[in-house]
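Thanks for coming, everyone. Please bring up the model on your screens, and we'll walk through it together.

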Amino acid sequence: MRLLFLGDIVGRPGRAAVIERLPSLRERWRLDGVIINGENAAGGFGITEAICDEVLAAGADAITLGNHSWDQREALVFIERQPRLLRPVNYPPGTPGRGANLIDMRSGGRVLVINVMGRLFMDPLDDPFAAVDREIEACPLARVADAIVVDVHAEATSEKEALGHHLDGRVSLVVGTHTHVPTADYRVLKGGTAYMSDAGMCGDYDSVLGMQKEESIRRFLQKTPGSRMEPGLGEGTLSGIAVETDDRTGLALRVAPVRLGPHLEEAWPRFWD
Ligand SMILES: [Fe+2]
Ligand SMILES: [Fe+2]
């Protein structure tokens, strides 16, 4: 399968980049599945149902979330009727929505998508390692799922790498989100799992993590309350990872970074050109 994972959509620039570019990328690269983190899609904070529908219509098969899952309170309600929207799987029992789902990709094939949150420098949640293990045991790679994608929404690279190696050979892709800056460590691990510590964000990179830099700088300079954090206003860049998996094993064959738009050096999977 040909899979594309894109990092956190931040505000309008991120949404615009996805909506403008994704339909043609799906076609050009003959993508089988597209998964995007959307936790900052609504003005930098959470996701609304209208935005969720818009991103799915643009060509995403699944949308993952993170620590901003509930910033738009309506998400607590509509997530129950949207099986393609996932919140972290290790939230306490009783949390609305699901953290993992075997999702039919539009072009055929079924991908188990898991969203999990790290615990280092984040809210204390249930054990992410055990939570993902449980989901994979219930829906193993190759036997049930054609591919398994794990979005590790975490602050610490150590936790993401440890989870990557822990899952190596059992899932197709372990990719980090949340830190909004793409890392250069994309690779296929020894056991056949594709890995990247952070997918980066889909947003305006002339910013601080997608938000207007002036207010962010001010908050570091002066410890006084200021104005609201707002997403950048410039053109958005897409950032993420492209993975090709083996149809028999579901493991990764090759990976490439994806960076399309201003401010970052452009990158794309040349093996699909
Ligand atoms: Fe984020
Ligand atoms: Fe986050």
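What makes the arrangement of the four donor atoms around the iron ion (ligand 2) irregular? Hold that thought while I cover the ground rules. This is a predicted model, where local features need pLDDT of at least 70 and side-chain atom pairs count only at pLDDT 80 or more, while totals for chains, interfaces and linings use all residues. Residues are numbered from 1 along each chain as its sequence is written, chains are lettered from A and ligands numbered from 1 in the order in which they are written, and side-chain values use heavy atoms, with hydrogens and water left out.

Back to the question. The angles at the iron ion (ligand 2) run from 85 to 145 degrees, and that makes the arrangement irregular. Four donors are tetrahedral if all angles lie between 85 and 135 degrees; four are square planar and six octahedral if opposite donors are over 155 degrees apart and all others between 65 and 115; anything else is irregular.

Who are the donors? Glu-39 (OE), Asn-67 (OD1), His-153 (NE2) and His-178 (ND1), at 2.1 to 2.2 Å from the iron ion (ligand 2). A donor is an N, O or S atom within 2.8 Å of the metal (3.2 Å for Na, K and Ca); water is not among the atoms, so sites may look incomplete.

Now the iron ion (ligand 1). Its donors are Asp-8 (OD), Glu-39 (OE), Asn-40 (OD1) and His-180 (NE2), at 2.0 to 2.2 Å. Here the angles span 88 to 168 degrees, so this arrangement is irregular too.

Asn-40 is buried at 3%, and His-180 is buried at 7%. Asn-67 is partly exposed, at 31%. The cut-offs: buried is under 20% relative accessible area, exposed is over 50%, and partly exposed is in between (1.4 Å probe, protein chains only).

Last stop, Pro-182. Pro-182 is also in the loop between β8 (173–177) and β9 (187–188).

How values were computed
Helix = DSSP H or I, 4+ residues; strand = E, 2+ residues; numbered from the N terminus.
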